[in-house]
Amino acid sequence: MSIIIFVIILAVLILVHEFGHFLFAKLFKIRVDEFGIGYPPRAYTFFTWKGTRFTLNWIPFGGFVKIFGENGDETPETSGVENTISEPVTIGKSFMQAPRIAQAIVLVAGVGFNLIFAWILISIGFVVGLPTSTSTTDVGQIENPKLVITLVTPDSPAAQAVLKSGDVITAVSTDKESAKELTPESVSEFIGNHGENDISISYARGEETGSVVLSPVSGIIEGKKAVGISMDTIGTLSLPIHAAFWEGAKTTVNLTEATAVGLGTFIYDAVRGHSDFSQVTGPVGIVGLVGDASKLGFVYLLSFTAFISINLAVINLVPFPALDGGRLLFVIIETIKRSPISSRVSIVLNTVG
């Protein structure tokens with residue numbers, strides 16, 4: 001089930017991204033030959049609209065937009081006005097013949113649509129009721145606050161006991177004493193003060209409940225023993241529509257900034273050989289995270305989808321060949337040198353990238 005949900009989320013996010021490219025290419029009268037759901041081979045053609053064939057393809061991971069001349073090796077003059085579309089084609093200009101500013105806007109439109117989509121999802125979350133930290137907002141009344149694990153340190157006692165981000169802590173105790181308050185500060189202090197004892201932590205994960213016994217260790221927090229969890233008090237924040245979209249916009253900006261800083265720091269550390277690649281997950285890992293989010297509830301899955309959308313936007317802006325940022329870099333270079341980059345060079349770089 002987690003795999004199916006992941007495929008659906010991935011398809012929606014990529015289609016949103018590609019629709020941004022498609023819409024602005026059409027606005028600038030650039031020829032778009034195909035808007036595909038999934039990847040070839042082609043399974044079915046829905047219809048053709050203004051020269052663009054809308055298709056369904058067999059490989060169900062996202063979609064694509066085929067913009068004429070995007071690789072720099074085609075122009076309407078050299079194409080012979082030949083095409084495989086069954087209806088008459090309204091010929092638009094080649095991507096390379098559009099003004100540089102138009103090319104740049106088409107390239108960043110996908111990123112923009114991913115950010116807008118994330119904003120909409122987060123705003124819907126605030127309307128429905130979004131899990132929110134009591135320490136990060138002063139808007140509205142947060143209901144039903146609970147102590148939630150926000151981070152589990154790799155290879156820590158908590159990680160070995162398979163505690164996860166999103167678990168709600170319902171009780172913390174030793175065999176002789178229990179924590180009187182369930183706040184991040186009081187629980188952290190309780191664990192630190194009882195570092196020589198085994199700590200029992202009861203938790204709720206969606207509809208599931210459980211408990212683990214952990215032995216605190218040194219080296220996680222300087223000066224005292226710990227089990228390897230970060231915590232926050234999180235409740236449900238529901239807002240009226242106008243306030244939800246305003247708060248959603250601020251949250252989207254903050255998440256985008258945090259993602260960009262995190263990615264930039266990771267790349268900088270990677271160049272220096274100091275990156276921790278255990279903090280990176282690929283498609284298989286994301287499937288697991290999607291499964292965890294879906295177990296916690298629809299709003300969590302909505303928020304996680306928004307977060308992936310923001311990640312997709314930020315990563316696509318990295319100036320690396322094949323990504324939108326790499327193509328945008330080519331446009332900037334062409335603007336500076338006042339001549340196009342060789343199509344052979346761009347095709348090879350994008351293929352390798």
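How many cavities of 30 Å³ or more does a search of the whole structure find? The search finds one, a cavity being a set of points on a 1 Å grid over the protein atoms alone where a 1.4 Å probe fits but cannot get out. The structure is a predicted model, in which local features need pLDDT of at least 70 and side-chain atom pairs count only at pLDDT 80 or more, while totals for chains, interfaces and linings use all residues. Residues are numbered from 1 along each chain as its sequence is written, and side-chain values use heavy atoms, with hydrogens and water left out.

The protein comprises nine helices and 10 strands, taken as DSSP runs (H or I of at least four residues for helices, E of at least two for strands) and numbered from the N terminus. Its C-alpha atoms fill a box of roughly 85 × 45 × 35 Å along the principal axes, and 41% of the 353 residues count as buried, that is, under 20% relative accessible area with a 1.4 Å probe and protein chains only, where exposed means over 50% and partly exposed lies in between.

The largest cavity holds about 150 Å³ of space, a volume being the space filled by probe spheres set on grid points that are joined across faces, edges and corners. Its lining consists of 14 residues, with Glu-70, Met-96, Phe-330, Glu-334 and Ser-346 nearest the centre; lining residues have an atom within 4 Å of a point. Two or more lining residues come from each of helix 8 (324-337) and helix 9 (343-352), and helix 8 gives the most, with four.

The second largest pocket contains about 260 Å³ of space, a pocket being an open set of points with protein on both sides within 12 Å along at least five of seven lines. Of the 14 residues that line this pocket, Asn-144, Lys-146, Val-168, Thr-236 and Tyr-300 lie nearest its centre, and strand 4 (142-152), strand 6 (199-205) and strand 10 (229-237) each give two or more residues to the lining.

Helix 2 (100-128) supplies the largest share of the patch, six residues, and helix 5 (241-272) supplies at least two. Ile-241 lies in helix 5 and counts as exposed because its relative accessibility is 56%.
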